[in-house]
Amino acid sequence: TIRPVRRSYYDPSSAPGKGVVWEWENDSGTWTPYDMDVGITIQRAYEKQHPWVDLSAIGFCYVIDFATMGQINRQTQRKRRVRRRLDMVYPLVSGTLPKSQSWPASPGAAAAPPVPACACPQCLLVMSVKATVSAAGPGTATLQPRKVPPAPPAASKAPVPAPGAKAPDSVAAVRGSLKPLAAQGSRRQAGSAPALGSASATTSPPGASSSKASRPGLGTLNRNHLQRLAIAQSRVLIASGVPTVPVKNLTGSSPVNPALAGITGILMSAAGLPVCLTRPPKLVLHPPPVSKSEIQSIPGISHSCRKTTKKQAKKGKTPEEVLKKYLQKVRHPPDEDCTICMERLSAPSGYKGPQTAVKPDLVGKLVKCGHVFHLHCLVAMYNNGNKDGSLQCPTCKTIYGVKTGTQPPGKMEYHIIPHALPGHSDCKTIRIIYNIPAGVQGPEHPNPGKSFTARGFPRHCYLPDSEKGRKVLKLLLVAWDRRLIFAIGTSSTTGESDTVIWNEIHHKTEFGSNLTGHGYPDINYLDNVLAELAAQGITEESLAQEKD
């Protein structure tokens, strides 16, 4: 597959111009760089000595705290470490800023002066394809044999014609001289080379007017022409002495055309890599059609549908009264920082927001985990959350009370279908269907009063109908009732803000494949989702609480 590429230019005073790259720590403990535009925004705020920067203006619900070098999720309050590296060296461009460049070039693009090309097999392929696409004159758009003396080996370093420019005769001579060499190894295909400079398989007759020669890009060629193009280019590389190995096509019905497979095999074998191309797996999102009579209810679980509506926050209790249940006052604070405001616990709270009735120098300890904070900071954190009577330790994520979320109203359906998931052939499948309509954000959402979108609904998810699969379903029902499965925020896949997104409880949305990582087989999935539910405060004990 040939795709366009491009390069971007940034001001020397920006983050990439100074060799600065910002990274965040992922779940596996390794570091992932931010997108270039995000890194530039973070660096700009860092250079202005801002204490923090809110990324919601560019579509991300995160706050970067420079004092703690942490990234805070505004919705979940989850914190990750960030770091600033200074060892990223980008090439500098002197003089006037070059124009944006890409290939294949758009029609009418200005031609650039030819530059010497590398003689490696990969560059030979790119050189020949570029020359073919840009060729327009008769005699330079085809691989038909030409009566020219054989070109010496050094001729492979011929200049590459720029997009939109006519290929030099030397390049045409190289291609023409290689054709007879390839024909010696494959007499049966000697006369099947296509005309590469036009969208048709016929060549221009000698003496044809050059004004009729077309200048299409690869996008104008249909599949058959692209396949013939690949065959011709593979012959060029074979004739140039590139080592090859057999390419296996294990299934006769494979959509991978042998010519395209040959190109890939040549390039990989030139790098010393083993080659074995097989039929690409298909994305299977949904099971075969199921009639209503085949759908079964799930034993041990009442009903087959669950709806949620907007829940009102518990009234009658102030934040101070809620926190009093989970805290012990500390008269002699330890000599350490409050991880919320990053001030010493022996000093007053550094929180500068709306004042509360709690004195800023009071300190409390959470009774379960024992972490210590300013009471003033905990009250502020509670007021910025869902205010549902629960509290989550910002250090270790221990949950106090019953945590609820901000999931919009919707419907959850669940039943058994008579098909097995990959890796679970011994049981049927539990299908879950989530359906949430678009609406208007409430007071608990990021932008109250603003409309939100709901893309991709209804969403179908799958569990094996095993003992552990039914256990996961029961806990997912608790998560649904507590409004923890979905939230409103910014989509990490599309970048759209004010839309319904998953809320850190992973679901399997592929029925018969695992191409995206959201399917089966996955031997660790059920254990992983149980751990994610536990992180939201949903365990087997929650089932007993719901019954009570």
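Student: How many helices and strands are there in the chain?

Tutor: The chain has 10 helices and 21 strands; helices (H or I, at least four residues) and strands (E, at least two) are DSSP runs, numbered from the N terminus. Please keep in mind that this is a predicted model, where local features need pLDDT of at least 70, side-chain atom pairs count only at pLDDT 80 or more, and totals for chains, interfaces and linings use all residues. Residues are numbered from 1 along each chain as its sequence is written, and side-chain values use heavy atoms, with hydrogens and water left out.

Student: What percentage of the residues of the chain count as buried?

Tutor: First the scale: buried means under 20% relative accessible area, exposed over 50%, and partly exposed in between (1.4 Å probe, protein chains only). Of the 548 residues here, 38% count as buried.

Student: And what share of the contacts comes from residues 24 or more positions apart?

Tutor: A contact means heavy atoms within 4.5 Å. Among contacts in the chain with a separation of 6 or more, 66% are between residues 24 or more positions apart.

Student: Next, aromatic rings. How many aromatic pairs does the count come to?

Tutor: A pair of aromatic rings is described by the distance of the centres and the angle of the planes. Rings of Phe, Tyr and Trp (its six-membered ring) pair if their centres lie within 6.5 Å; planes under 30 degrees apart count as stacked, over 60 as edge-to-face and the rest as tilted. By this rule there are 11 aromatic pairs. One of them joins Trp22 and Tyr46, which are edge-to-face, with 5.3 Å centre to centre and 70° between the planes. Trp22 lies in strand E2 (residues 21-25) and Tyr46 in helix H1 (residues 36-47), so this pair ties together parts 24 residues apart in sequence.

Student: Are Trp22 and Tyr46 buried or partly exposed?

Tutor: Trp22 is buried, at a relative accessible area of 2%, while Tyr46 is partly exposed at 32%. Helix H1 also holds Met36, which is partly exposed at 28% relative accessibility. Leaving out residues up to four places away in sequence, Met36 touches Tyr10, Pro16 and Tyr90.

Student: How should I read an open sheet, and in what order do the strands E10, E11 and E12 stand?

Tutor: Two strands pair if DSSP finds at least two bridges between them. Here 3 strands form an open, antiparallel sheet in the order E10-E11-E12. Strand E10 (327-329) and strand E12 (372-374) are at the edges with a single partner strand each, so one side of each has no neighbour in the sheet. From one strand to the next, the twist averages 40°. Angles like this use axes that are lines fitted to C-alpha atoms, for helices over the stretch in contact, and run from 0 to 180 degrees between N-to-C directions. Helix H7 (residues 375-383) packs on the sheet and touches E10, E11 and E12, its direction making about 80° with that of E12. Between E10 and strand E11 (residues 363-366) there are 3 bridges, and Lys329 has Gly364 as its bridge partner in E11.

Student: Which residues touch the most other members of the largest nonpolar core?

Tutor: A nonpolar core is a set of buried Ala, Val, Leu, Ile, Met, Phe, Trp, Tyr and Cys residues joined through side-chain atoms within 4.5 Å. The largest has 38 residues, and Met412, Ile432, Tyr434, Leu463, Leu473 and Leu476 touch the most other members. Elements that each supply at least two residues include strand E15 (410-417), strand E16 (429-435) and helix H8 (467-481). H8 gives the most, with 8 residues. Apart from this core lies another, of 21 residues, among them Leu345, Val358, Cys377 and Tyr382.

Student: Which aromatic cluster does Tyr434 belong to?

Tutor: Tyr434, Phe457, Trp480, Phe486 and Trp502 form one aromatic cluster. Phe457 also has Arg459 over its face, at 4.3 Å from the ring centre; a charge sits over a ring if NZ of Lys or CZ of Arg is within 6 Å of the ring centre and within 35 degrees of the ring normal. Lys368 likewise lies over the face of Tyr400, at 5.4 Å.

Student: What kind of peptide bond joins Phe457 and Pro458?

Tutor: That bond is cis, with omega about 0°. Pro458 sits in the loop between strand E18 (451-452) and E19. The bond from Tyr520 to Pro521 is cis too, with omega near 5°.
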